[in-house]
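This report walks through a single protein chain, beginning with a space at its surface and ending with a few individual residues. Please keep the sequence and the structure in view while reading.

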Amino acid sequence: MLLDYRAFRDPEYLMTSLTSDRTWPLPQTPWVMQMTWSDLLFAHWPVDPAVVMPLLPAGLTLDTRDGAAWVGIVPFLMSRVAPRCCPPLPLIGHFPELNVRTYVTAGGKPGVWFFSLDAASRVAVRVARAAFHLPYMDARMSIARHADSTIAYSSHRTHRHEPSANFAASYCPKGDWFRAQPETLEHWLTARYCLYSADSRGRLYCGEIDHPPWTLAPAICETQCNTMCQPLGIELCGHPHLMVAQKITVKAWMISQGGETSTAIA
């Protein structure tokens with residue numbers, strides 16, 4: 001647990017600090033964006049690091065566990081996207097999103113590298129691609145919740161000049177809810193409090209996020225279609241490590257590189 005002087009004057013900051021499993025302090029600047037993630041599945045496969053490393057930009061080090069890189073496919077619902085002290089944004093405040101990601105470090109700080117972020121919001125896709133150097137892509141998507149807690153999710157990429165990629169699956173919890181403990185694989189995969197991105201010139205950016213620790217459960221997933229990694233040349237073999245997560249509220253800070261800043265929204 002990490003506390004600093006802000007805990008004595010900001011009750012919200014104090015509560016976040018008391019429940020956080022971060023391994024470095026929050027930024028000194030105020031957070032600028034808030035959002036909610038729900039109906040989320042973590043599906044992860046171990047992959048040969050030699051396959052993943054060439055896909056990363058200079059400046060990032062592949063983070064491995066048990067000798068493997070881990071590639072995750074993470075479908076969820078993004079909602080209540082709002083700048084600080086503002087109501088949710090009407091055009092980009094609510095949409096399904098599907099991420100393909102792996103895990104990296106830079107300067108010793110572990111984070112997430114996104115290979116793709118498909119989203120059912122044309123406005124969000126264009127803002128993120130233009131301003132935040134994140135590879136968002138248009139997709140036709142649907143998400144449905146059933147009475148037995150099953151989530152039916154589908155995504156079909158429609159972005160011009162980007163390779164086709166599709167995903168369709170139904171998933172639900174199959175065990176008790178838990179908080180991942182440090183040193184476990186579940187904690188290593190999910191306790192990631194920054195993202196990395198790169199612009200067209202290869203310059204790296206880092207965006208901080210914060211949220212309470214995930215509440216997770218083992219999951220069952222019936223996959224009808226998954227071609228999300230085919231454009232990357234990554235073959236996902238064997239049974240994935242599956243978890244679902246309860247709804248969580250996330251705060252995001254500015255992303256930065258060399259003194260330049262812009263707002264991270266995902």
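## The second largest pocket

In this predicted model, the second largest pocket is lined by Leu55, Trp113, Phe114, Phe115, Arg129, His133, Leu134, Pro135, Ala198, Asp199, Ser200 and Leu232. The space in this pocket comes to about 240 Å³.

Which strand supplies the largest share of the lining of the second largest pocket? That share, three residues, comes from strand 6, which covers residues 109–119. When the lining residues are sorted by class, eight are nonpolar, while two are polar and two are charged.

## The chain as a whole

The protein chain contains 15 strands and four helices. Of its 266 residues, 53% are buried, and the chain exposes about 12400 Å², of which 56% is supplied by carbon and sulfur atoms. Among the contacts with a separation of 6 or more, 66% are accounted for by residues 24 or more positions apart.

## Confidence in the model

The pLDDT, which is the predictor's confidence in each residue, averages 89 over the protein chain, and 89% of the residues score at least 70. Over residues 1–18, however, the pLDDT is below 50, although this stretch has 23 contacts in the model beyond near neighbours in sequence. Residues 258–266 also have a pLDDT under 50, and for them the model has 30 contacts beyond four places in sequence.

## Enclosed spaces

Rolling a probe the size of a water molecule over the atoms shows where empty space is left. For this model, the count comes to three cavities of 30 Å³ or more, and the largest cavity holds about 230 Å³ of space. There are 20 residues lining the largest cavity, and the closest to its centre are Trp37, Arg101, Val112, Phe114 and Ile209.

Which elements give two or more residues to the lining of the largest cavity? They are strand 2 (40–47), strand 4 (69–83), strand 5 (94–106), strand 6 and strand 10 (194–198). By class, this lining is made up of 14 nonpolar residues, three polar residues and three charged residues.

## Two residues with positive phi

Aspartate 66 lies in the loop between strand 3 (61–62) and strand 4, and its phi is near 55°, a positive value in a residue other than glycine. Is aspartate 66 buried or exposed? Aspartate 66 counts as exposed because its relative accessibility is 69%, and the cut-off for exposed is over 50%.

Cysteine 85 is found in the loop between strand 4 and strand 5, and its phi, near 65°, is likewise positive in a residue other than glycine. With a relative accessible area of 78%, cysteine 85 is exposed.

## A link across the sequence

Threonine 249 belongs to strand 14, which runs over residues 248–257. The relative accessible area of threonine 249 is 35%, so this residue is partly exposed.

Where along the chain are the residues that threonine 249 touches? Leaving aside residues up to four places away in sequence, threonine 249 touches Gln34, Met35, Thr36, Asp210, His211 and Pro212.

Conventions:
Residues are numbered from 1 along each chain as its sequence is written. This is a predicted model: local features need pLDDT of at least 70, side-chain atom pairs count only at pLDDT 80 or more; totals for chains, interfaces and linings use all residues. Side-chain values use heavy atoms; hydrogens and water are left out. On a 1 Å grid over the protein atoms alone, a cavity is a set of points where a 1.4 Å probe fits but cannot get out, and a pocket is an open set with protein on both sides within 12 Å along at least five of seven lines; lining residues have an atom within 4 Å of a point. Grid points are joined across faces, edges and corners, and a volume is the space filled by probe spheres set on the points. Ala, Val, Leu, Ile, Met, Phe, Trp, Tyr, Cys and Pro count as nonpolar, Asp, Glu, Lys and Arg as charged, and the others, Gly among them, as polar. Buried means under 20% relative accessible area, exposed over 50%, partly exposed in between (1.4 Å probe, protein chains only). Contact means heavy atoms within 4.5 Å. Accessible areas come from the Shrake-Rupley method with a 1.4 Å probe; for residues, only the protein chains shown count as cover. pLDDT is the predictor's confidence in each residue, from 0 to 100.
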